[in-house]
Amino acid sequence: MQNKGLVKLFAILFGLVSIYQLSFTFKANQIESAAKEFAVQKISADQPDYDALRSIEVTRYLDSISGLDEVYNLGIAKFKYNEVKDKAMNLGLDLKGGINVILQISVKDILIGLSNDSKDPVFRKALDDAEEIQKNSQNTYLDDFFVAFDAIKGDSKLASPDIFANRTLSEEITFDMSDEAVKPILKRKIDESIVSAFEVLRKRIDKFGVTQPNIQRLGTSGRILVELPGAKDVNRVKNLLQSTAQLEFWDVEDSQNFGTFLSSLNDALKAQASPEETLEATDEEGIDDEDSQIDELLGESDIDTTDVAQDSDLVKNFFYSPSVPSALVSINKADLTTIKDFLQTDEAKAFLPADAKFTKFAFGIEDENVEFVNMYALKGNREDKPELSGAVITDARQIYDEFSKPAVSMDMNLKGAKIWEEMTGRAFNQQSQIAIVLDDIVYSAPGVTTGPISGGSSRITGDFSLTEAQDLANVLRAGKLPASADIVQADEVGPSLGQEAIDTGKKSFIIALVLVLIWMLFYYGRAGIFSDAALVLNILLIFGILSGLGAVLTLPGIAGIVLTVGIAVDANVLIYERIREELTKGKGQKEAIKDGFANALSSILDANITTGLTALILFVFGTGPIKGFATTLLIGILTSLFTAIFITRLLIDWYVNRGGKLQFSTPITKGLFRNININFLKKRRLSYIVSAIVIVGGLSSLFTTGLDQGIDFVGGRTYQVRFAQDVNAEEVKSAVDGVFGSSEVKTIGNPNQLKISTKYKIDENSAEADEEVQRNLYDAVQPFLPDGLTYAQFVNGENNIGKMYSGKVSPTIADDIKRSSVWAILGSLIVVFLYILLRFKKWQFSLGAVAAVFHDVLIVLGIFSIAWRFMPFSMEIDQAFIAAILTVIGYSLNDTVVVFDRIREFLNEHTSWEFDRTVNSALNSTLSRTLNTSLTTLVVLLAMFIFGADSLRGLLFALIVGVIVGTYSSVFIATPIMHDTLKKMKEKN
C-alpha cells in the first residue's frame, strides 16, 4: 500500500482529536453525576416533591461551579464548566428529555398589522378565505392570500388607502401602485417580520438557561424550529415561546361612574341566565338584605342599589367587591367567558356612560387558589391603541419589591419617558391609576402618590414566582413578537424517559458490538482481530466527529451507529472474501492481499455510495431524531470506508511484513460456501410466484385494514403515560373516550405503560387548548393513578408515574410530513436508478435494482399492515418508519450492487461463457459475502430490538424485515429481472 506514513499520520491525528473531543463529554458527565449525588444527599426520598427539589439542588450546584476559573485541566489548556459543557456531545430530546417545537408565526396577524388593522371587508374576507385555502394547499399563507384577494377584489386593490397604502407604509406603497408592484413589498415586509420574530425568540431562549439550545428558521413558511434539550418545566417553555409580550399602559376609569352600567349589565346577564341557574344561585347564595356589599361594588349612584340587590338574585353571582381598589369589580371565574362574550355585544356597549363609549375592559391575573378574578375599566379610544406601549422599553430586570416579593423593573427611552411623565402626572392630579397590561392581562394598576415620575422608570408587581418574574423581564427585554406564534408540532420527553433511553441504548450497543467482534474472530480467525481493531477505531471516530461537529446524538442516531457497525463489517467481509478467492487461486499471501483489496474496492464504493445517497436524502427531508439517524449514518459510512480500506490494510500489511501468516478463516469456516453451484436462475419463476403471493396479500391488507398511521401523518396529540401498576388498555380507552369522544390506546412495552392518541381539538394550536387537552387526559386516567397524585405531579412524571412523553402534530404539518416522505422515497429511487445506470451503463441493471427495492418496500408495508393489530409493540407509520424504509432501500441496493458488480466483472473475464452461467457463477461467488453480511447485520439489529428502547422497536422491526427481504430480493428478484430483460434485448439483436 502506498502512502502508509500519511495514513498512519491521519489515523493517529483523527484518533487523538476524537479522544480530545470525547474527553469533554466524560468530564461533563462526571460533573453532572457529582451534582446529582450532592442533590440526593441533601434531599431525602421521603420529602414531598423530592424529584423537583433535587432538580433545584442540581441547578444550584452547577451554577456554583460555573463561576470557577477551572474545572478541567488538560495541561496545555484549562477550561471552565460552561466551556466543557459547550464542547461535550449534544444529546437529543429522546436521550436527555426536554421539548422540541415548531412555531408557526401568524402571517395573517402580520398582514393585519401592516394594514393598520384595516376593516376593509374585501381585505378581511380574503384573509379568511386564505385560511380555508391553506387547509388543502402547499403554498405559503401569503401566496394563498394573494389568490384569495384576486378572486374577490373587484375594484379594490392592495394599494388602497384603506388597506396597505396607509400612513405606516406611505414611503413604500402609494395608492397609484398596481397589485403586482405591491406584492413583492409585502413579501419583503413579511420576511422582515419573521426574521424579527426569530431574533426575539432567540434572545428569549438565550436567557432561558438551557445548555445547547437550537433555534432555526424552516424555509420561507414562517415556521421556526426550537429545540431545548434538558428543559424540565415544559409549561414555562411554552409560555416563554408563545407570549407575544404586548405591553401596554392604560389610564384606569373611575369606578364610581359605572354604577348604572353595572346595574344594567347585571340585569341583562340575569335575563340571559336560565331559570335553573337563577334557582340554584338563589338556593346557594340567598338574598342579602343589607346594601353594604352593593354600595361597595357600585359606589355612590343615583339608583336604589338595595332594590337591585333584592330584585336581582344574581347580583352576587356576577359581580363582587374587587380585591384591589383600582379594579371595577371582581367576578367568579366560572362566569368569566360569559361576561367577556357579553361585553363585546352592542347591547352591553349601549349601557356605557356617554363619556366612556370607548371603554376597554381587561381582567387581572387568575390565581388557581382563588375563585375570583378582578375586572378593570380602562380609558379607551376610537383606535383602541394605548397611549404608551412596550416598544419604548429599553431594559427590564427582575427585582424584589418592598415586601421582598419578585417584581420587574423597566427603563424607557426618551420618548417613552416623556409620555410616562405626562401619564403619571395626570394620574397624580386626578387621583387615578395606571394599568400595566401584558398580553391583555392586567398585572397591576398602581396609583401615583408622589407626583409625575420622570426618567422613564417603572415596575410591574404582582403575585409572581421568581421564575415568572425572570421570564417576564426576559420577554420584555427581548421585545414583543410581531405576531402570534402557535405551536403546530411539539415533542416533550420527560428526563426519566430520556435516562432510560440512554441506559437501554448503551446496553444494546455494547451487546451488538461484542457479538460482532466475536463473530469476526470466529469466522476469519486472526484476521478478524485486525477488522475488530479497525471497527473499534471506527466507532471512536464516529463519536469524536459527532462531538466535534456539535451534531446531536439521538436514540435513532444510536441505531444508526449500530447499523454502521454492520456496514463496516460488510466492507471487511468483502475484502476478506476476495482475499480468500485469490488464495484459492494459488496466489501468494502478499499478492492475494494486494489483489483482494484492489478487487473489492469497486464493490465497497458502489455499495456505500448507494447507501450514502439514501442517507443524504433522509438528512435533507428528515427532522429532529430522524436527521440525527441520517447524520450518524453518513458519518459512519465515511469512517467505515477509511477504517476498512486503509486501517485494516495497514494492520494486515504490518503483520504480514513481520512474517505473520493469515488464513482468513478458521478450521470451522475454511471452505465454507466454497464450490457451491446453485442454479439460481432456474428458480426465478418460483421466486416470482412466491413474491407475487406475498405482495398481493400485503396489498389486500393495505387496501382493507390499512396501516397504523401515527400523528406524524394524520395529525393529533399523543401521550405516553406510565402507571404504578398494570392496567387494562380497553378500560383506560373507555375512560378516555368519555372525555375526548374518540381515542386510540395501546400498550407500549410493559403493561403499565400506555400510548394514548386523540384528535380532540387538533385544529386549535393555542397554549390554552394544549393545557385543556392535557388536563382532560389527567381527569380521564385519574382513577387508574395512585391516590393523591396531583395534576402537577402527573404532568412532570414524578417518581416515574404520569406523563412520560407527549407529542403534537397539526393537520397542516402532518400533510407536509406526508408529502416530504413521499418525495424522499421517490427521490431516493430516482437517484439510485441514475447512479446504477451511470455505473453499469445498462438500464436493465437499474431496472432490476429499482424493481427489487419496490418489492422490498411493498413487502415491509404489507407485513406492517397485517401485523400492527397484534404485535406487542408500536408499529405506527411515522417519520422513524420512513427512515427505516429509506435504510431498507439503501441496504437492498447495497446487496444488489455487490452482486451486479461481480456479474459485470465476470462478463468481462469470461467472455466465452453463456450468459446464464455467468450470472449463476457470480451469484454463487458472492453467496458467502451475502449471507455473512446479512447475518452480522441481523445479529446487530436483533440485539437492539431485544435490549433497546421500546420507542425504537417499530423502526428496528422494519429494518429486520428489510434486511431479510433485501437479501432475498438481491438474489431472486433484482438479478433475475436484470437477466430476463438483458437477455431479451440480446435475443432481439
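This is a predicted model: local features need pLDDT of at least 70, side-chain atom pairs count only at pLDDT 80 or more; totals for chains, interfaces and linings use all residues.
1. Residues are numbered from 1 along each chain as its sequence is written, and side-chain values use heavy atoms, with hydrogens and water left out.

2. Which residues of α6 are buried? They are V122, F123, A126, L127, A130 and Q134 (buried means under 20% relative accessible area, exposed over 50%, partly exposed in between, with a 1.4 Å probe and protein chains only). Looking down the axis of α6, they fall within an arc of 140 degrees, so they line one face of the helix; the arc is taken from the directions from the helix axis to the C-beta atoms. These buried residues pack against α5 (107–114) and α7 (141–152).

3. Have a look at T611 in helix α22 (residues 589–621). T611 is buried, with a relative accessible area of 8%. Leaving aside neighbours within four places in sequence, T611 is in contact with I567, I637, G890 and N894 (contact means heavy atoms within 4.5 Å).

4. Now for charges: the whole structure holds 48 salt bridges (a side-chain nitrogen of Lys or Arg within 4 Å of a carboxyl oxygen of Asp or Glu). R188 and E192 make one of them, at 3.3 Å from N to O. The two sit 4 residues apart in helix α8 (residues 179–206), about one helical turn. R188 is partly exposed at 38% relative accessible area, and E192 is also partly exposed, at 39%.

5. K808 and D770 form a salt bridge too, with their closest N and O atoms 3.2 Å apart. This pair links distant parts of the chain, 38 residues apart: K808 lies in strand β22 (residues 802–809) and D770 in helix α27 (residues 767–781). Are K808 and D770 buried or exposed? Both are buried.

6. Back in α27, E771 and R775 are 4 residues apart, about one helical turn, and their side chains meet in a salt bridge of 4.0 Å, N to O.
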